[in-house]
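Here is a brief report on the structure shown below.

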Protein chains: 2
Amino acid sequence: MKKIYFTPGPSQLYFTVEEHLKKALKNDIPSISHRGKVFEEIFKNTTDNLRSLLQIPKDYHIFFTSSATEIWERIGQNLIERESFHFVNGAFSEKFKSIVTNLNKIAREQVVPEGQVVDVEKVLIPETSELISITLNETSTGACHQMSDIAKIRAAFPNQILSLDVVSIAPCVEIDFTLVDTAYFSVQKCFGLPAGLGVWIVNDRCMEKSHQLLDKSLSIGSYHSLPEFLIKAKKNQTPATPNVLNMYLLEKVTGDMLLKGIDQIRIETNYKHALIQHTINQSPILEHFVQNTVNRSKTTAVANCNIESNLLIKALSEKGLIIGSGYGNYKNSQIRIANFPTHSKEQIEMLSDQILSLNI
Amino acid sequence: MKKIYFTPGPSQLYFTVEEHLKKALKNDIPSISHRGKVFEEIFKNTTDNLRSLLQIPKDYHIFFTSSATEIWERIGQNLIERESFHFVNGAFSEKFKSIVTNLNKIAREQVVPEGQVVDVEKVLIPETSELISITLNETSTGACHQMSDIAKIRAAFPNQILSLDVVSIAPCVEIDFTLVDTAYFSVQKCFGLPAGLGVWIVNDRCMEKSHQLLDKSLSIGSYHSLPEFLIKAKKNQTPATPNVLNMYLLEKVTGDMLLKGIDQIRIETNYKHALIQHTINQSPILEHFVQNTVNRSKTTAVANCNIESNLLIKALSEKGLIIGSGYGNYKNSQIRIANFPTHSKEQIEMLSDQILSLNI
């Protein structure tokens with residue numbers, strides 16, 4: 001029985017990946033030089049596709065790292081001299097904060113209980129914060145900000161670098177990148193690729209900040225500093241040998257998504273989200289973890305179970321449907337269901353039917 | 001016409017990789033959680049296989065990064081407080097040095113002309129050096145140290161951390177890891193895998209050094225610091241979502257190499273190396289770049305061309321044989337030929353025949 005992974009990352013591969021992998025092998029993609037023309041074409045097509053798909057402004061740069069976790073560290077090195085401010089509402093927003101602390105910089109925070117988002121009307125952000133970090137979709141809890149929250153923070157703090165974590169949400173909802181200075185994601189979530197690649201979007205304010213730090217003789221890292229990224233990106237190259245195969249797959253999958261149309265992907269995301277919401281509403285063993293409906297993630301549904309969640313996970317697994325457990329302390333009491341572009345309406349319907357018909 | 005890549009990395013995939021990739025897809029390896037049992041098994045088997053294949057001592061730890069370049073930076077963060085010393089004889093040994101400088105630490109060096117190795121009898125290394133870096137096989141020039149050089153430096157500097165770059169040479173020659181404190185390589189060279197994974201070997205002296213830096217409130221990076229690696233490795237896990245697919249492939253390829261036998265791999269390496277040496281000797285258009293025979297790399301042959309090297313590269317490419325150009329300033333005047341475990345005797349013989357029969 002072929003399994004279907006509804007785990008919130010790594011997740012099910014995008015349904016075209018297997019074919020692209022075959023073609024990659026046929027065309028020797030893993031053997032090509034990352035300083036040659038074939039690679040430069042892959043780099044250019046990937047960034048062009050991402051720009052179209054996500055509507056990333058022309059003057060924003062797109063760089064490639066090995067993960068979103070790496071980008072947290074690179075932001076800490078390149079964009080923070082002394083002090084940052086973090087909206088913390090779960091394990092991933094917390095991890096970014098702790099990475100900044102590891103770099104011996106001050107990371108202040110506003111913590112709210114898991115399942116909630118920081119109230120942008122009430123949050124007190126010191127003017128001394130050089131960078132404000134918001135996690136659009138907290139994958140550990142399924143709590144998701146609305147873009148209007150980001151707009152309000154942008155309006156209130158025009159001079160700070162605004163950093164937006166769009167892991168496990170881009171490209172499934174519309175994101176106004178002009179509101180932020182930097183954003184990033186990894187490819188093993190909504191893009192349905194193997195893990196091992198992060199995408200980092202930065203504007204020129206970020207470039208300037210990294211140069212300011214450098215001018216003060218502060219270290220901004222080495223091969224993956226912003227200036228090094230830009231020098232190479234101008235030639236459609238990367239500072240070090242990258243995960244070429246994954247970049248090729250990202251080129252192909254973003255191409256497929258553009259052919260399908262981003263509007264269609266988002267319409268389907270909304271439909272499948274409604275179905276998952278309905279399923280949680282109807283299930284006698286599930287209830288929504290995120291109380292505020294507008295903050296319920298469209299891509300990462302999280303529900304409390306009134307039985308041990310592993311019983312539900314196991315019962316579904318026996319039918320080939322793999323869903324995620326709760327994160328951290330919620331491992332045994334919650335489930336997480338990914339609603340990514342690769343998950344078809346029929347697959348989500350099947351999952352829903354199974355959840356509602358199980359006798360546990 | 002299917003091409004054969006004799007480029008010194010990325011190179012030809014190990015001949016079993018395509019089959020392993022198919023099985024990885026069948027078994028949903030790209031979708032599994034890196035916190036689950038299946039991944040932990042992959043981690044354990046991969047480190048066990050590497051330990052057997054390379055004869056890595058039991059008390060050395062094995063960690064996984066995204067590249068060897070990343071390991072340069074991690075060494076700079078974790079193992080150097082103030083000052084390191086580098087044997088520099090080409091682009092890659094030079095890059096490591098410059099990364100340490102980027103981290104605002106002092107990187108001293110002994111530079112020798114490209115095509116040579118530093119003379120271990122004459123080099124003057126300050127006692128204040130906390131770490132001594134030697135590149136066993138300089139991929140840009142094909143100059144390779146003998147293990148006796150490493151033994152002499154170890155004997156003369158018992159208290160320094162000795163760091164050995166074994167990129168593009170492990171597992172093709174015998175390396176005595178007990179002589180060094182840390183060593184590292186990337187998988188897209190001799191292991192014949194797609195790029196995107198680095199392997200970092202460290203002993204407890206390295207672990208202690210990173211803790212000393214931490215105790216002095218110095219930053220040693222964040223998620224990929226040595227203490228973080230060790231905490232997770234004890235559970236057969238990684239600090240962040242790794243390149244799971246490549247780790248799976250490394251598990252399988254090292255398994256294949258163990259079945260073949262490391263002695264057989266090294267015997268074949270020697271045979272193919274002799275054949276390439278003979279070819280360069282016989283060719284009217286080629287001459288060895290590395291003058292000292294004992295320092296000629298067994299895995300990375302580099303030759304000067306008395307014609308524009310691109311003419312030779314192009315002529316061979318038309319026959320499906322892809323060899324490397326010279327590195328950096330030598331791009332148009334040299335060729336580089338990889339002799340990795342995936343390259344069969346027959347393939348090297350075919351390459352040799354073609355080089356010697358070309359009319360250019």
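## Sheet in chain A

Strand β12 (residues 300-305) of chain A pairs with strand β14 (residues 334-338) of chain A in the antiparallel sense, over 5 bridges. Two strands pair if DSSP finds at least two bridges between them. Val302(A) stands opposite Arg336(A) in β14(A). Helices (H or I, at least four residues) and strands (E, at least two) are DSSP runs, numbered from the N terminus.

Both strands belong to an open sheet of 5 strands in chain A, with order β1-β13-β14-β12-β11 and mixed pairing. Its edge strands are β1 (4-6) and β11 (286-288) of chain A.

## Basis of the model

The model is predicted: local features need pLDDT of at least 70, side-chain atom pairs count only at pLDDT 80 or more, and totals for chains, interfaces and linings use all residues. Residues are numbered from 1 along each chain as its sequence is written, chains are lettered from A and ligands numbered from 1 in the order in which they are written, and side-chain values use heavy atoms, leaving out hydrogens and water.

## Helix α11 in chain B

The buried residues of α11(B) are Ile348(B), Leu351(B), Ser352(B) and Ile355(B). They fall within an arc of 100 degrees seen down the axis of α11(B), so they line one face of the helix. That arc is taken from the directions from the helix axis to the C-beta atoms. On the other side of α11(B), Glu346(B) and Asp353(B) are exposed. Buried means under 20% relative accessible area, exposed over 50%, partly exposed in between (1.4 Å probe, protein chains only).

## Chain relation
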